[in-house]
4 protein chains.
Amino acid sequence: MVKRIASSIKDKKLIERRRAELHKGAVQLFKEKGFHRATTREIAKAAGFSIGTLYEYIRTKEDVLFLVCDAIYDEVKARMENVIDTTATSEEALYQAVESYFQLMDDMQDEVLILYQEVKALPKDAQEYVLEKEREMLGMFEEVISNGFPNLLSPQEINLVANNLLIQGQMWSFRRWALQKDFSLEEYTNVQFQLLKSQLAHQAQQKGGTNDAAARSV
Amino acid sequence: MVKRIASSIKDKKLIERRRAELHKGAVQLFKEKGFHRATTREIAKAAGFSIGTLYEYIRTKEDVLFLVCDAIYDEVKARMENVIDTTATSEEALYQAVESYFQLMDDMQDEVLILYQEVKALPKDAQEYVLEKEREMLGMFEEVISNGFPNLLSPQEINLVANNLLIQGQMWSFRRWALQKDFSLEEYTNVQFQLLKSQLAHQAQQKGGTNDAAARSV
Amino acid sequence: MVKRIASSIKDKKLIERRRAELHKGAVQLFKEKGFHRATTREIAKAAGFSIGTLYEYIRTKEDVLFLVCDAIYDEVKARMENVIDTTATSEEALYQAVESYFQLMDDMQDEVLILYQEVKALPKDAQEYVLEKEREMLGMFEEVISNGFPNLLSPQEINLVANNLLIQGQMWSFRRWALQKDFSLEEYTNVQFQLLKSQLAHQAQQKGGTNDAAARSV
Amino acid sequence: MVKRIASSIKDKKLIERRRAELHKGAVQLFKEKGFHRATTREIAKAAGFSIGTLYEYIRTKEDVLFLVCDAIYDEVKARMENVIDTTATSEEALYQAVESYFQLMDDMQDEVLILYQEVKALPKDAQEYVLEKEREMLGMFEEVISNGFPNLLSPQEINLVANNLLIQGQMWSFRRWALQKDFSLEEYTNVQFQLLKSQLAHQAQQKGGTNDAAARSV
DNA sequence: GATGAATGAGGATTCATTCAT
DNA sequence: CATGAATGAATCCTCATTCAT
């Protein structure tokens, strides 16, 4: 499942270091000009090395984009894993997850935007790889939801709520023009929370269960 | 606010006809290869005329993209106006609007995808124009919501619910890989409805109002 | 067997004209710098058009080389066909053929040299095509020899004599440094003739045939 | 006339050893890809050392080619000197020389091919050096011919027969596609012998000399 | 109005060579 | 002596755009 980018450099540590520099420069550059308008020379410059050196660490321009996308998911995963307890049975776990996720999307706004706008520029197999990563994220949220509110939602509903949450986080980045002038991140998080709670609480009510977490929590 | 694409052709009818052909060919082509990978020659061919003729109806390649985007919004607007009654005070009006909108997003999946992936390739002023169109859409939904459920939600909440609905329609297209294998459009619409209703009903309940539409409707 | 080079130009006549210009410029250039050292821009310039125009008539740099090689064989074939009578049963026919061939090799010295030095730069399939052309040439000589001196030589001997003649013509070009300071073309032709005659005459003698053309002719 | 390739290494033995490795790897590589398509990195790898080390033993890529060409002539010379007696006055000496030479060309097919296809890639002065080597070879053959058959042929005829023999040996390599499917090396040698003898015998006959070696030998 | 040949700026990629370790 | 990371000039090719017919 892991996709490796070939490099003619032998020193593994060096590859890692250089690619981190590359990632940083490229994100900045892609944010400004987009992937297509950025030339390989500009990418090299932004990363702080020569065009020749750039090509010691990648094979094609598309590799740079993939490197960026891959690194984004690595960081998202790393940060979410620190925060999420997929076995916790409390509603708190869900809220905690959502809050952390929204915070993460706020921290990585530029990266998320790039992800949204440039994936289709990736070669087909890399696109597939990215989708797989998204599916992992989705699975994580589904788990948190179903653990937090067992027996409350149908699998289909869980799936949909997870999808909704996922893109609500991402839209904070790609619809910033619509949201960030009316909401602070805290407000955004709170209101989306409130609406989510309403959904769950009402569902719980419908089920009639009085000992139900969602119902109580409202 | 309306942006006009210059053309050296005088006959208005002809321009319209040609641009319709252009739109159709271009959408198909952009769906397959994306805007950047499509060459002007391919665009001309897909539209059924020569490269020389293409440039009689547009000035730059970006114009083609803008033409496509513009036409999308024109159609969205036309179809939504037929269906939406922004003055209706019934919850039904909202549900009606959402259902129509989701149906529209299903009909225009390819176009929506292009919109999502290629706007950043537009020149800045055209991007601004597209954002304005999105704002109009947003305003429309806000109106339907606030008319359907007066006094139920705060302006901020209305804004957020409208944004959520808008992208829920669009994600049916751009997350089709995650949604369309688990949902038919009808199912998708129904479940999202249900969740929306839950939100509104629960909000109504909180407000304690017994004469409230949302509360009754559940 | 015919290999076509793709072109985006529709006018067949134009293609032919332009490619003739291309051939002429390229031969001159390749003679001076060799194929590898010649840049595509230089090729375009030598042919009298822009780099963009060059690529309207070929797809890759290698195509230029193939075009040149192909044109060489076309001309060789055209000129030899005018001169050779493969059905003639006279020794004169052979001598006539050889003389014309040597003259041709003299006229096309630069082209022959290019052929010798650059074929291996062609893509595999084009190399195969060139070999096929050489085989045709070989067959032509074999026919002239066996018609000119029926029953004198074994097929193997015919094959070898044909090969010898073929490269004796070509070496006039590629070993010019060794030959052209000691021989005029006429001398070279005469001496090689004389040696060839000796071979045939002696073979005839060996066979004891007194009515044999080769024996008498000496 | 000897061209020295500069090296920064002091140890003469080491230089010689390294260059032998280099020669071996390079011939193999050039045979497969040709000189131009082979990169210096590939050359280094084929020789079994690093790119840095390669450049300790040569100064430019062309040096590698020259090294190869030079080594070829060294071996040709060494092997021919063992075999040829340029003072012998017997026809046998010539036949002996030719047979050995053809055998040598068979043994060094790949090298000969490289020589034919890549000399023009050498710098001008190196090309001159190679020509000089060829002239030496030519002189050797001329001597063997004129010693073997004194007074039989004019200097011009000797020159031409020598040239013919030389390239008949080489064409066994560069026209292998035409020859090696119809002839074994032995057959090729025998038939070319026979034809050569015919020439000489007939010449002798013409001269009327009855005590002549060539005439008797047939 | 329509056509398509011509243009050349621009961009991705390669690779011979160097030099610090 | 050996290594291999770094360099950037050089090169092939593409493609948006123009304009004469």
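Predicted model: local features only at pLDDT ≥ 70, side-chain atom pairs only at ≥ 80, totals over all residues.
**Protein–DNA and protein–protein contacts in the model**

A phosphate oxygen of DNA strand F sits 2.8 Å from a polar backbone atom of Lys61(B). Another phosphate oxygen contact from chain B comes through a side chain: a polar side-chain atom of Tyr55(B) lies 2.7 Å from a phosphate oxygen of DNA strand F. The bases are reached as well, with a polar backbone atom of Gly52(D) at 3.1 Å from a base nitrogen of DNA strand F.

Zooming out, 42 residues surround DNA strand F. The closest are Arg18(A), Tyr57(A), Thr40(B), Tyr55(C) and Arg18(D), so named here with their chains because a residue counts as near when one of its heavy atoms lies within 4 Å. Of the atoms of DNA strand F that come within 4 Å of the protein, sugar and phosphate make up 62%. As for the secondary structure behind this surface, helices H1 (12-37) and H3 of chain A, H2 (40-47) and H3 of chain B, H2 (40-47) and H3 of chain C, and H1 and H3 of chain D each put in at least two residues. Sorted by class, the surface near DNA strand F has 15 nonpolar, 13 polar and 14 charged residues.

DNA strand E is surrounded by 41 residues, the closest being Tyr55(A), Arg18(B), Arg18(C), Tyr57(C) and Thr40(D). Here, too, the share of sugar and phosphate among the DNA atoms within 4 Å of the protein is 62%. Some of the backbone contacts can be picked out one by one. Gly52(C) goes for a base instead: one of its backbone N or O atoms lies 3.0 Å from a base nitrogen of DNA strand E.

In terms of residue class, the surface near DNA strand E splits into 14 nonpolar, 13 polar and 14 charged.

Turning to the protein chains, chain A can be laid on chain B with an RMSD of 0.1 Å by a turn of 180° and a shift of 0.0 Å along the axis. That is how a two-fold axis relates two copies. The copies meet through the same surface, because 100% of the interface residues of chain A are also interface residues in chain B.

Chains C and D meet too, with 48 residues of chain D in contact with 47 residues of chain C. About 4100 Å² is buried between them, and carbon and sulfur atoms give 58% of that area. Five salt bridges cross this interface. One of them pairs Glu134(D) with Arg175(C), whose closest N and O atoms are 3.0 Å apart. Polar contacts link 17 residue pairs between the two chains, counting pairs with both residues at pLDDT 80 or more. On the chain D side, helices H1 (12-37), H6 (109-118), H7 (124-148), H8 (155-174), H9 (176-179) and H10 (185-207) each supply at least two residues. H10(D) gives the largest share, 14 residues. By class, the side of chain D that touches chain C comprises 21 nonpolar, 17 polar and 10 charged residues.

Conventions. Residues numbered from 1 in each chain as written. Chains lettered and ligands numbered in written order. Heavy atoms only, no water. Polar contact = N/O pair within 3.5 Å; in protein donor to acceptor, adjacent residues only side chain to side chain. Nonpolar A, V, L, I, M, F, W, Y, C, P; charged D, E, K, R; others polar. Least-squares fit on C-alpha atoms with pLDDT ≥ 70 in both. Contact = heavy atoms within 4.5 Å. Buried area = accessible area lost by both parts, 1.4 Å probe. Salt bridge = Lys/Arg side-chain N within 4 Å of Asp/Glu carboxyl O. Helix = DSSP H or I, 4+ residues; strand = E, 2+ residues; numbered from the N terminus.
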